[in-house]
Amino acid sequence: MPQEQIARRKIIAKISEVFERFGFAPIETPALEYYELLGGKYGEEGEKMMYKFQDQGGRTIALRYDLTVPLARVIAAYSDLPKPFKRYQIGSVWRAENPQRGRFREFIQCDVDIVGSVSLVADAEVIATLEQAFKALEVGEVEVKFNNRELTDQVLSKLKISKKRIVEFMRTIDKIDKLEKKKIEGMLKQAGFEADVLDTYYKLMKADSKPYVSEMESLLSGFGVANIVFDPFLARGLEYYTGTIFEFILVKKRDIGSIAGGGRYDNLMEQISGKPMPAVGGSIGLDRLFAAMS
């Protein structure tokens with residue numbers, strides 16, 4: 001309705017202004033994509049929540065599940081774009097969610113991505129851009145939790161956890177901020193993991209992550225991002241992440257959940273274009289943020 005829509009447009013305008021100030025340029029992608037582009041990119045859970053159907057021409061198509069995979073198609077189609085390519089997009093995506101406060105089946109994402117840079121500086125810049133957007137919106141203190149999927153894979157390899165079971169393990173420990181540690185340990189044991197796997201994983205992550213954490217904290221501090229926490233249990237659901245992953249939490253409204261998140265996805269572009277292309281991005285969930293601000 002008008003009053004809410006006016007407020008939402010003001011929020012979008014402030015977010016767009018920050019994105020452009022950091023050098024990100026706007027693009028737009030279609031709401032509909034061929035299913036063959038989106039299928040197999042989001043893991044088992046994503047497949048279940050994707051809206052897909054056949055059109056009048058018998059083509060299998062889907063409503064876009066996020067703004068990242070469509071970006072990968074754009075990069076494949078316009079291979080001569082200067083790199084690094086910094087883009088932002090604000091638009092609706094669709095998932096067959098269980099609707100609740102701040103979570104809908106159609107919702108708006110505000111994305112920024114840097115394509116063509118392997119540097120951790122790009123990771124830090126994406127995080128800093130989102131943090132500055134929250135400052136512009138005056139939403140209160142935010143906390144940035146971050147981890148590295150490459151590190152987690154290395155540690156899980158040391159623990160002799162197979163690639164097939166890594167996703168199951170990470171999905172389980174990702175719930176540690178919602179469930180008690182003992183509950184998580186019980187779930188892991190029931191799934192067939194060693195009884196002390198959680199503690200062993202935590203110790204190895206703390207030891208192996210020191211160089212990475214030190215560099216990231218230094219870069220983020222240089223961008224003026226202060227409230228940062230390394231979280232070895234952070235996993236994020238999408239399976240295309242390959243390096244840094246992160247989430248933003250409103251400190252005074254943690255029950256809302258993450259209001260932004262993202263990470264590095266160096267393999268996604270190659271899946272679509274056949275050419276390797278590093279990339280990192282992040283997204284603000286406008287509807288969850290609006291619910292928190294309301």
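Visitor: Is Glu138 buried or exposed?
Guide: Exposed: this is a predicted model, and in it Glu138 has a relative accessible area of 70%.

Visitor: And where is Glu138 in the fold?
Guide: Look at the loop between α5 (120–137) and β7 (142–148); that's the place of Glu138.

Visitor: Which loop is Lys160 in?
Guide: Lys160 is in the loop between α6 (149–158) and α7 (163–173). Phi of Lys160 is positive too, near 60°, and Lys160 is exposed, with a relative accessible area of 76%.

Visitor: Switching to peptide bonds. What joins Lys83 and Pro84?
Guide: A cis peptide bond, with omega at about 0°. Most peptide bonds are trans. You'll find Pro84 in the loop between α4 (68–77) and β5 (85–94).

Visitor: Now the rings. How many aromatic pairs does the structure hold?
Guide: There are 13 aromatic pairs. One of them is Tyr240 with Tyr241, edge-to-face, at 5.2 Å centre to centre and 70° between the planes.

Visitor: Are those two, Tyr240 and Tyr241, buried or exposed?
Guide: Both Tyr240 and Tyr241 are buried. They also belong to one aromatic cluster with Tyr42, Tyr65 and Tyr265.

Visitor: Last topic, charges on rings. Which ring does the charged end of Arg165 sit over?
Guide: The ring of Phe193, 4.2 Å from its centre.

Visitor: And what lies over the face of Phe24?
Guide: That's Lys86, at 4.8 Å from the ring centre.

Notes: Residues numbered from 1 in each chain as written. Predicted model: local features only at pLDDT ≥ 70, side-chain atom pairs only at ≥ 80, totals over all residues. Heavy atoms only, no water. Helix = DSSP H or I, 4+ residues; strand = E, 2+ residues; numbered from the N terminus. Buried < 20%, exposed > 50% of the residue type's maximum accessible area, 1.4 Å probe, protein only. Phe/Tyr/Trp six-rings, centres within 6.5 Å; stacked < 30°, edge-to-face > 60°. Lys NZ or Arg CZ within 6 Å of the ring centre and 35° of its normal.
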